[in-house]
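Dear colleague,

Please find below the structure I am handing over to you.

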Amino acid sequence: MAKAKKVKVDPNIIDYYALYNLTRGADSKTLVSQLRKKQGEIKQMMSCSATGSESVMEELLKQDKLVTAAIRIFKNQEKLEEYNAQLDAAIANGTLNTEAQEAAQSALDEIESLFLKGNYNAVIKKCRTAINENGANAKLYNFLAQSYYMVDQGSALAAVDEFVKAFPKDADALDMGVRYNILVHNDMDKAQDYLNRIHEYYTDSALAAIDQIYIHLAQRNTEMAFKEIDAFVSANPSNQDFRKNIAYDMIGFCSKLYACVDYEGDEIAFLTSDEDYQLCKAMAEKAAAVYYDPKV
């Protein structure tokens with residue numbers, strides 16, 4: 001398998017999506033059309049006598065140069081793909097430094113605080129405002145989808161679709177697509193569609209394996225799930241993140257199957273079928289083995 005091409009981070013890169021409120025994932029024609037509209041507004045201001053002062057004209061010339069540079073990138077597919085890769089690298093490295101990005105980060109800090117406090121409706125409102133004002137931001141879409149899941153699961157699926165449209169290759173967005181479609185509607189076809197994209201963009205990754213196993217577990221196919229767990233662990237014995245995540249997934253399924261408990265005095269009755277009890281027992285034992293035994 002060929003190694004992924006290392007992306008050189010441009011320290012001076014500008015987030016045009018945030019600066020001009022563009023939708024990440026929109027086609028080149030739409031993006032260029034929006035940029036040309038902005039360019040037209042700048043040209044109109046330059047032609048007005050009211051903007052004739054030297055300082056104002058200098059600023060307008062800077063803005064015109066900036067939007068022209070953006071158009072050159074967005075109208076060329078090869079340049080656009082290279083720009084997107086550099087932008088993602090700059091965001092991941094924390095080296096992006098534009099006013100629009102700083103405004104988005106400020107909003108993000110407040111949103112994260114509200115999310116941790118469980119104020120999900122406020123998070124939804126603030127995410128929508130931040131996206132509209134500062135442009136696409138993967139973390140904003142992530143918080144938006146998670147918050148909808150806590151208060152309105154149907155809207156959570158729509159939010160995930162929005163997330164993927166804005167960031168088609170974002171690992172968190174695709175992972176949510178797999179899991180939320182199973183958890184909300186048990187829609188295996190749509191979950192599989194998202195999983196196919198993960199396999200396409202993240203071939204042989206832990207994420208691809210984890211979500212494939214998640215689908216097997218959701219289908220109650222523990223035989224296939226356990227085989228794939230053993231195969232991945234055998235090939236990647238030091239990957240502790242895989243062990244942790246897959247163990248948590250199995251415990252999560254146990255909680256769904258085996259959560260109903262009836263207390264009567266000192267007696268405890270588990271309100272579940274024998275089939276679910278055996279399934280839960282097998283997953284719990286496997287979770288413990290995967291989490292603690294380095295040879296599993």
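Arg-36, Arg-72, Lys-75 and Lys-79 gather in a patch of positive charge on the surface. A patch is made of residues with over 30% relative accessible area and no salt bridge, like charges being joined within 9 Å and nonpolar side chains (Val, Leu, Ile, Met, Phe, Trp, Tyr) within 5 Å. A salt bridge is a side-chain nitrogen of Lys or Arg within 4 Å of a carboxyl oxygen of Asp or Glu. Lys and Arg count as positive and Asp and Glu as negative, while His and the chain ends are not counted; the charge is placed at NZ of Lys, CZ of Arg, CG of Asp or CD of Glu. Accessible areas come from the Shrake-Rupley method with a 1.4 Å probe, and for residues only the protein chains shown count as cover.

This is a predicted model, in which local features need pLDDT of at least 70 and side-chain atom pairs count only at pLDDT 80 or more, whereas totals for chains, interfaces and linings use all residues. Residues are numbered from 1 along each chain as its sequence is written, and side-chain values use heavy atoms, with hydrogens and water left out.

Lys-79 is partly exposed, with 45% relative accessibility. Here buried means under 20% relative accessible area, exposed over 50%, and partly exposed in between (1.4 Å probe, protein chains only).

Tyr-248 sits in helix H13 and is partly exposed at 49% relative accessibility.

Helix H13 (residues 240-257) also holds Asp-249, which is buried, with a relative accessible area of 11%. Beyond its neighbours within four places in sequence, Asp-249 contacts Arg-179, Ile-210 and Tyr-214, where contact means heavy atoms within 4.5 Å.

Thr-222, in helix H12 (residues 222-235), is likewise buried, at 18% relative accessibility. Leaving out residues up to four places away in sequence, Thr-222 touches Leu-217, Leu-279 and Met-283.

As for the chain as a whole, the protein has 14 helices and two strands, and 39% of its 296 residues count as buried. Of the contacts between residues at least 6 apart in sequence, 60% join residues at least 24 apart. The accessible surface comes to about 17100 Å², 50% of which belongs to carbon and sulfur atoms.

Yours sincerely

Terms used
Helices (H or I, at least four residues) and strands (E, at least two) are DSSP runs, numbered from the N terminus.
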